[in-house]
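User: Could you zoom in on the core of this one and what sits around it? I'd like the cut-offs spelled out along the way.

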Amino acid sequence: MSKAVSPGCAICGRPVVAEHRPFCSARCRRVDLGRWLGESYRIPAAETDDPDEDDELPRPDGPGPDGPERDER
Ligand SMILES: [Zn+2]
């Protein structure tokens with residue numbers, strides 16, 4: 001893979017520096033990271049729309065007093 005296809009920094013479009021790929025500098029990298037964080041911040045994290053919250057199902061307690069295994073002598 002000697003062909004280095006570098007379309008340019010995703011932030012400013014300058015030639016990408018291998019050290020800071022895929023950006024041209026650490027600064028642009030941080031800008032990109034900030035964008036990501038900003039995006040995630042926009043999403044309301046308090047939105048609990050989980051259908052899997054139904055975790056309080058009454059489950060059988062194994063063999064109860066009327067279990068199949070009785071200690072009958
Ligand atoms: Zn850049």
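Analyst: Let's start with terms: a nonpolar core here is a set of buried Ala, Val, Leu, Ile, Met, Phe, Trp, Tyr and Cys residues joined through C-beta atoms within 7 Å. Buried means that 20 or more other C-beta atoms lie within 10 Å of a residue's own, exposed means 12 or fewer, and partly exposed is in between, with C-beta atoms placed from the backbone. Keep in mind that this is a predicted model: local features need pLDDT of at least 70, side-chain atom pairs count only at pLDDT 80 or more, and totals for chains, interfaces and linings use all residues. Residues are numbered from 1 along each chain as its sequence is written.

On that basis, the largest nonpolar core has five residues: Cys9, Val16, Phe23, Cys24 and Cys28. Across the protein's 73 residues, 7% count as buried.

Take Cys9 next. Skipping neighbours within four places in sequence, Cys9 is in contact (C-beta atoms, placed from the backbone, within 7 Å) with Arg14 as well as Val16, Phe23, Cys24 and Cys28. In the protein, of the contacts between residues at least 6 apart in sequence, 0% join residues at least 24 apart.

As for secondary structure, there's one helix and zero strands, both being DSSP runs numbered from the N terminus (helices H or I, at least four residues; strands E, at least two).

Now Ala10, which is in the segment before helix H1 (26-42). Ala10 counts as partly exposed because it has 15 C-beta neighbours inside 10 Å. Leaving out residues up to four places away, Ala10 touches Pro22, Phe23 and Asp32. Its C-alpha is 8.4 Å from that of Cys24, 14 residues apart in sequence.

Pro22 is also in the segment before H1, and the Arg21 to Pro22 peptide bond is cis, with omega near -5°. By contrast, most peptide bonds are trans.

Finally, Pro7 lies in the segment before H1 and is exposed, because it has 9 C-beta neighbours inside 10 Å. Pro7 and Pro22 are 15 residues apart along the chain, with 9.2 Å between their C-alpha atoms.

Notes:
Two residues are in contact if their C-beta atoms, placed from the backbone, lie within 7 Å.
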